[in-house]
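Have a look at the model below before reading on.

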Amino acid sequence: MQILDKFPIEGGQKDPKKRIIPFLPGKILFRRSHVRDVAMKRLRFIDDYCRALVRLPPQISQSEEVLRFFETKAEDVNPPVE
């Protein structure tokens, strides 16, 4: 949302035809026993989103918001066991 707020024209807020920022795949509701299945199904869509995001013009792809989106977090390095 921060990327769309910072780049309203590229996000299509004023004219949807001018949107170049990709749509982030929506969340899927699931039961606890289906977490892995849902994650695997969403993987391709999230990968496509990330690839499209880094291919955008530098003012977007190298913005603080995009860099922060790709920043490694502690839980990425040491994921929960469950």
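This is a predicted model: local features need pLDDT of at least 70, side-chain atom pairs count only at pLDDT 80 or more; totals for chains, interfaces and linings use all residues.

What follows is a short tour of this structure.

Residue numbers start from 1 along each chain as its sequence is written, and side-chain values use heavy atoms, leaving out hydrogens and water.

The protein chain has five helices and zero strands, with helices (H or I, at least four residues) and strands (E, at least two) taken as DSSP runs numbered from the N terminus. Of its 82 residues, 24% count as buried. Here buried means under 20% relative accessible area, exposed over 50%, and partly exposed in between (1.4 Å probe, protein chains only).

## Salt bridges along the helices

There are four salt bridges in the structure; each is a side-chain nitrogen of Lys or Arg within 4 Å of a carboxyl oxygen of Asp or Glu. One of them joins arginine 44 to aspartate 48, with the closest N and O atoms 3.9 Å apart. Both of these residues sit in helix α2, four residues apart, about one turn of the helix. Arginine 44 is exposed at 53% relative accessibility, while aspartate 48 is partly exposed at 38%.

Arginine 51 and aspartate 47 form another, their closest N and O atoms being 2.9 Å apart. They are also four residues apart in helix α2, so about one helical turn separates them.

## Pockets and a nonpolar patch

The largest pocket has a volume of about 320 Å³. Of its 13 lining residues, Met1, Gln2, Ile3, Leu24 and Tyr49 are the closest to its centre. A pocket, on a 1 Å grid over the protein atoms alone, is an open set of points where a 1.4 Å probe fits, with protein on both sides within 12 Å along at least five of seven lines; lining residues have an atom within 4 Å of a point. The second largest pocket holds about 230 Å³ of space, and Ile46, Phe69, Glu71, Lys73 and Asp76 line it.

Leu24 turns up again on the surface: with Val54, Phe69 and Phe70, Leu24 forms a nonpolar patch with about 360 Å² of accessible area together. Such a patch joins nonpolar side chains (Val, Leu, Ile, Met, Phe, Trp, Tyr) within 5 Å, from residues with over 30% relative accessible area and no salt bridge. Leucine 24 lies in the loop between α1 and α2 and is exposed, at 52% relative accessible area.

Key. Grid points are joined across faces, edges and corners, and a volume is the space filled by probe spheres set on the points. Patches are made of residues with over 30% relative accessible area and no salt bridge: like charges are joined within 9 Å, nonpolar side chains (Val, Leu, Ile, Met, Phe, Trp, Tyr) within 5 Å. Accessible areas come from the Shrake-Rupley method with a 1.4 Å probe; for residues, only the protein chains shown count as cover.
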